[in-house]
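Q: Please take a close look at one part of this model, the place where its chains meet. Then set that part in the context of the chains themselves.

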Amino acid sequence: MITFNQVHKRYPGGYEALKGVSFDIAEGEMVFLTGHSGAGKSTLLKLIAAIERPNSGSVLVNNQNVGALKGGALPYLRRNLGIIFQDHKLLFDRSVFDNVLLPLQICGFDHRESAKRVRAALDKVGLLKREKANPIALSGGEQQRLCIARAIVNRPAILLADEPTGNLDADYAREIMAIFSSFHQVGATLLISTHDESVLQDSGVRRLILKEGVLQ
Amino acid sequence: MTRAFALHLGVLRAVLRRMFASKLAGFLNILVIGIALSLPAGMYMLLQNAQGLVAQLSDAPQISLFLEMNAKAEDVDRLHQQLAQHPAVAGVGFVARAQALEQLKQSTGLSDLISGLEQNPLPDAFVVHPKPGDAQSLDRLRGELAKLPGVKEAQLDSAWAYKLEALLKFGRMGVLILASLLSLALIAVTFNTIRLQILTQHDEIEVAKLIGATDGFIRRPFLYFGATQGLLGGIMAWFIVTVSLLLLNGQLGALAQLYASQFMLHPLSFGDSLSLLLFSVYLGWLGAWLSVARHLSQIGPR
């Protein structure tokens with residue numbers, strides 16, 4: 001589903017974020033991406049969503065060479081991905097409901113179908129009662145769950161999560177991980193970056209470990 | 001088809017909501033556009049009116065030939081034949097001096113004064129209707145006729161109309177220049193409005209790009225906003241011009257009455273009004289398009 005082949009990524013200024021990274025994630029697999037901050041986890045996720053492009057090597061998503069996609073094709077790649085951003089990227093000028101609605105508006109769903117899907121996604125993350133609230137009134141854990149609801153409302157085949165339990169205490173983190181497990185069970189492919197040891201301990205999930213841009 | 005239509009309608013509704021959310025700022029923009037457009041539109045309307053007046057007057061140019069006072073009847077007859085056979089003349093009418101005096105008496109109400117005259121001061125005259133031609137050929141004909149034996153003077157009645165026509169051409173060029181400049185101003189106003197909107201919606205645009213919005217999806221509401229603002233500005237301009245016309249006509253009515261005339265300004269025709277609105281919609285759309293093309297690419301990610 002996701003294949004990296006000798007991927008190098010160098011930022012302007014000479015900083016090398018990834019040095020010859022190769023791996024393969026099968027369809028329906030759940031994988032943790034770990035490593036210290038600055039190890040290149042965020043860069044790796046950005047390459048999958050074509051937010052950044054590799055300097056050499058190839059990134060394949062669904063057998064498509066993402067690095068070579070033309071600008072006009074990018075939106076359709078991203079619609080197959082559910083991305084949970086480290087900084088949430090929620091919109092505070094609209095309600096919880098409208099935040100989750102945005103991906104469906106972009107894909108052009110009709111109104112009634114959209115409302116049904118938004119409520120289903122909010123229900124899955126336990127925010128159905130807060131649909132009229134402004135996201136700014138939500139706690140950190142709730143904002144994180146809202147971000148997950150927005151990422152899954154479009155039912156993407158692949159979920160990418162960048163430090164989804166970053167600033168949360170252990171209980172919240174476990175809750176979030178339980179939500180991810182439930183997606184894994186219904187067949188989604190997940191790549192979750194984290195440095196949260198408490199999350200990693202109790203799972204037999206495959207781990208990719210990055211250290212200074214090199215896969216261990 | 002209906003789904004696509006519903007989507008566009010949804011965008012339009014959101015745009016109108018946004019426009020009416022910022023009542024004062026939105027209204028001021030529309031007012032600026034309206035005033036900017038009403039200047040050339042108003043001048044155009046005045047020119048159209050003058051144009052109509054000139055067309056009425058210069059439709060049938062005439063050359064009046066006044067004969068020598070001592071012209072004899074056979075000279076007059078010979079001249080009549082000469083004129084009738086002239087290739088550039090469509091028709092000739094003869095006004096005998098007695099007949100001319102009678103007309104003068106009736107039309108001016110100066111009969112007492114005229115009756116007191118010892119002799120008729122008016123000469124015999126021909127009214128020549130030339131075949132259609134431009135101002136130069138008419139003037140040439142006038143010169144030619146003036147040299148005919150027995151003719152004292154030849155007057156081209158529509159000469160001033162041609163001068164007015166030239167003046168109108170000058171005015172039309174002025175309107176064109178003014179319209180071009182103010183169109184640029186309209187584009188600039190829209191450009192800036194959209195730029196500010198893009199800045200305030202920076203986060204929304206970035207997130208939308210990240211979750212798979214096409215450029216068209218992101219551009220659409222801004223283009224609709226520009227076009228809608230242009231349309232409302234155009235409507236505003238139409239009202240400014242029409243209300244000004246009504247105010248002017250009120251005064252003009254009193255003035256025209258003093259000259260026993262029915263002259264009134266005509267409003268913009270349906271076609272001209274439609275052109276005004278379409279043009280302002282297009283300019284608003286263009287300003288928005290330029291602004292979006294310039295500013296959207298600056299918002300990452302690519």
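How many residues does the contact take from chain B, and how many from chain A?

A: The contact takes 15 residues from chain B and 14 residues from chain A, where two residues are in contact if their C-beta atoms, placed from the backbone, lie within 7 Å. On the side of chain B that touches chain A, the elements giving two or more residues are α1 (2-21) and α8 (202-210) of chain B. Of these, α8(B) supplies the largest share of that side, five residues. By class, the side of chain B that touches chain A has nine nonpolar, two polar and four charged residues. Here Ala, Val, Leu, Ile, Met, Phe, Trp, Tyr, Cys and Pro count as nonpolar, Asp, Glu, Lys and Arg as charged, and the others, Gly among them, as polar.

The model is predicted: local features need pLDDT of at least 70, side-chain atom pairs count only at pLDDT 80 or more, and totals for chains, interfaces and linings use all residues. Residues are numbered from 1 along each chain as its sequence is written, while chains are lettered from A and ligands numbered from 1 in the order in which they are written.

Chain B comes to ten helices and four strands; helices (H or I, at least four residues) and strands (E, at least two) are DSSP runs, numbered from the N terminus. Along the sequence the pattern of chain B reads α-α-β-α-β-α-α-β-α-β-α-α-α-α. The radius of gyration of chain B is 31 Å, whereas a compact globule of 302 residues would have one near 19 Å. That radius is taken over C-alpha atoms, and the globule rule is 2.2 Å times the number of residues to the power 0.38. The C-alpha trace of chain B spans about 100 × 40 × 35 Å along its principal axes. In chain B, 25% of the 302 residues count as buried. A residue is buried if 20 or more other C-beta atoms lie within 10 Å of its own, exposed if 12 or fewer, and partly exposed in between, with C-beta atoms placed from the backbone. Of the contacts in chain B between residues at least 6 apart in sequence, 85% join residues at least 24 apart.

One buried position in chain B is B:Ile63, which has 25 C-beta neighbours inside 10 Å and lies in strand β1 (residues 63-67) of chain B. Leaving out residues up to four places away in sequence, B:Ile63 touches B:Val128, B:Pro130, B:Leu141, B:Arg142, B:Leu145, B:Ala154, B:Gln155 and B:Leu156.

Among contacts in chain A between residues at least 6 apart in sequence, 69% join residues at least 24 apart.

Two helix pairs show some of the packing inside chain A. The axes of α5 (residues 140-152) and α6 (residues 170-185) of chain A come within 10 Å and cross at roughly 10 degrees; axes are lines fitted to C-alpha atoms, for helices over the stretch in contact, and angles run from 0 to 180 degrees between N-to-C directions. α5(A) and α6(A) are therefore roughly parallel to each other. Angles under 35 degrees count as roughly parallel, over 145 as roughly antiparallel, 65 to 115 as roughly perpendicular and the rest as oblique. The contact is made by A:Gly141, A:Gln144, A:Arg145, A:Ile148 and A:Ile152 of α5(A) and by A:Tyr172, A:Ile176, A:Ile179 and A:Phe183 of α6(A). By class, this contact of α5(A) with α6(A) has six nonpolar, two polar and one charged residues.

In the other pair, the axes of α3 (residues 96-107) and α4 (residues 111-124) of chain A come within 9 Å and cross at roughly 120 degrees. That makes α3(A) oblique to α4(A).

A:Ile84 belongs to strand β6 (residues 81-84) of chain A, and with 25 C-beta neighbours inside 10 Å this residue counts as buried. A:Ile84 touches A:Cys147, A:Ile148, A:Ala151, A:Leu160, A:Ala161, A:Asp162 and A:Pro164, not counting residues up to four places away in sequence.
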